[in-house]
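Open the model in your viewer and keep the selection tool handy.

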Amino acid sequence: MEMKIIEGSQFQTIILNGKLDMDGVKSIEEGFKKITTDKNTIIDMTNVEYLASLGIRVILQSAKAAAKNGKKILIMNPRKNVLGVLQLANLDTLVPVISSMEEVGRYL
């Protein structure tokens, strides 16, 4: 799993590339949790091929920690199979899913 961070004035964008399976989560978990706590964050999941329960856990824990600090996390543009997992886990009801940057203003 690759993680790229783009800093913005109102929010940061984390671009993920690869699989959020056990190995993918191990490679980003510590850094991911730290950077999502204190700033509004968009997680660009365009290039996430697979989402396992460990990936859901990391996103959920990060969203809860961000909310405690008055910040929000959004998920952007997940693939159909990844969106299905998000919906099955009801994570999309806790962390808004958007399809483009134009929708950011609705939530942040």
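Select Glu29 first: beyond its neighbours within four places in sequence, it is in contact (heavy atoms within 4.5 Å) with Arg57, Val58 and Gln61. Glu29 sits in helix H1; helices (H or I, at least four residues) and strands (E, at least two) are DSSP runs numbered from the N terminus. Glu29 counts as buried because its relative accessibility is 18%, with buried meaning under 20% relative accessible area, exposed over 50% and partly exposed in between (1.4 Å probe, protein chains only).

A word on the source: this is a predicted model, where local features need pLDDT of at least 70, side-chain atom pairs count only at pLDDT 80 or more, and totals for chains, interfaces and linings use all residues. Residues are numbered from 1 along each chain as its sequence is written, and side-chain values use heavy atoms, leaving out hydrogens and water.

Next, show S2 and S3, which pair in parallel over 8 bridges (pairing takes at least two DSSP bridges between two strands). Pick Lys19 and you will find its bridge partner, Tyr50, in S3.

Now colour the largest nonpolar core, a set of 21 residues: buried Ala, Val, Leu, Ile, Met, Phe, Trp, Tyr and Cys joined through side-chain atoms within 4.5 Å. Leu20, Met45 and Ile59 have the most contacts inside this core. Helix H2 (53-68) is among the elements that supply at least two of its residues, and H2 gives the largest share, 5 residues.

Finally, select Phe11, Leu74, Ile98 and Val104, which are among the 6 residues of a second, separate core.
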